[in-house]
Amino acid sequence: MSATTESESAGKWIPLESNPEVFNFWAKKAGLVTSQAHFEDIYGLDDDMLAIVPRPVKAVVLLFPIDADGEARRAEEDSKIAREGQPKIDNTIFWVKQTISNACGTIGLIHALANSDVTFTPTSLLQKYIIQCENKTPLERAELLATTPLFADIHAESADSGQSAQTIDTDLHFTCFVEAPDADIRGAAQGAGISEGAKTDTKTSGMRLIELDGRRAGPVDHGECTDLLKDVANLVKARYMSASTSVYFNLMALTTAPQD
């Protein structure tokens, strides 16, 4: 899906197909050690279908249709976040603003891989990019991506590897979900003091369900996370599918389970 603002130098990219083979192709080219992590299809959102997804799941990528109602809901949510903040969100989450039209597949891949404890080859494109992005703003990270030709090359090769006919115009968009420690736990790991409430909390998991969408104003905290795959499935059904008549939804899981 087109970004809110486009990088004039980068123009429009061909959308990626929502297909594990395409995503694994991109990930391997960018530097993921695919013998240790890979993408798999999620064939359904009921418990029986989720049970066949290899665990552990490190991230979930969702392809969904953009429509006016959904855009209005997301804008309202972003406004609320701007007013009230997100006090429990982890300050180390890696997020990139999308500024290239149709680059949401690459942005989703970066968000999934950079926020999971997966292994990259030491001199790979993605490893270097993550290191170079340290202390950069989301827009500066976007500019670095747009001015690194290898990202455009890998995206184009990956788009070519898909089975669907290529088209520039699409109303489909990728977003990504990961789990991350809440702010108190992350703060304690960084040497900061921890609140009394967090010290005595025995009821919550200490993990948050985070949505990473380059078209949004920033990461979105969707609340406590106890099981990433099931929590994403419930959220997608409640917030995405229930408000749409479209059938163009697809989900993939990044898993560190051995490949068959």
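A word on terms first: helices (H or I, at least four residues) and strands (E, at least two) are DSSP runs, numbered from the N terminus. This is a predicted model, where local features need pLDDT of at least 70, side-chain atom pairs count only at pLDDT 80 or more, and totals for chains, interfaces and linings use all residues. Residues are numbered from 1 along each chain as its sequence is written, and side-chain values use heavy atoms, with hydrogens and water left out.

The protein has 10 helices and six strands. Of its 260 residues, 49% are buried, meaning under 20% relative accessible area with a 1.4 Å probe, protein chains only; exposed is over 50%, and partly exposed is in between.

Now the sheet. Its six strands form an open sheet in the order S1-S6-S2-S3-S4-S5, with antiparallel pairing; two strands pair if DSSP finds at least two bridges between them. At the edges are S1 (38-42) and S5 (220-224), each pairing on one side only. S1 and S6 (residues 250-255) are joined by five bridges, and Phe39 stands opposite Leu254 in S6.

Next, helix H10, residues 228-240. Why does its length agree with expectation? At 1.5 Å times one less than its number of residues, its 13 residues should span 18 Å, and the end C-alpha atoms are 17 Å apart. Buried residues in H10 include Leu228, Leu229 and Tyr240.

Last, His155, in helix H7 (residues 149-160). His155 counts as buried because its relative accessibility is 1%. Leaving out residues up to four places away in sequence, His155 touches, among others, Trp13, Trp26 and Asn102, where contact means heavy atoms within 4.5 Å.
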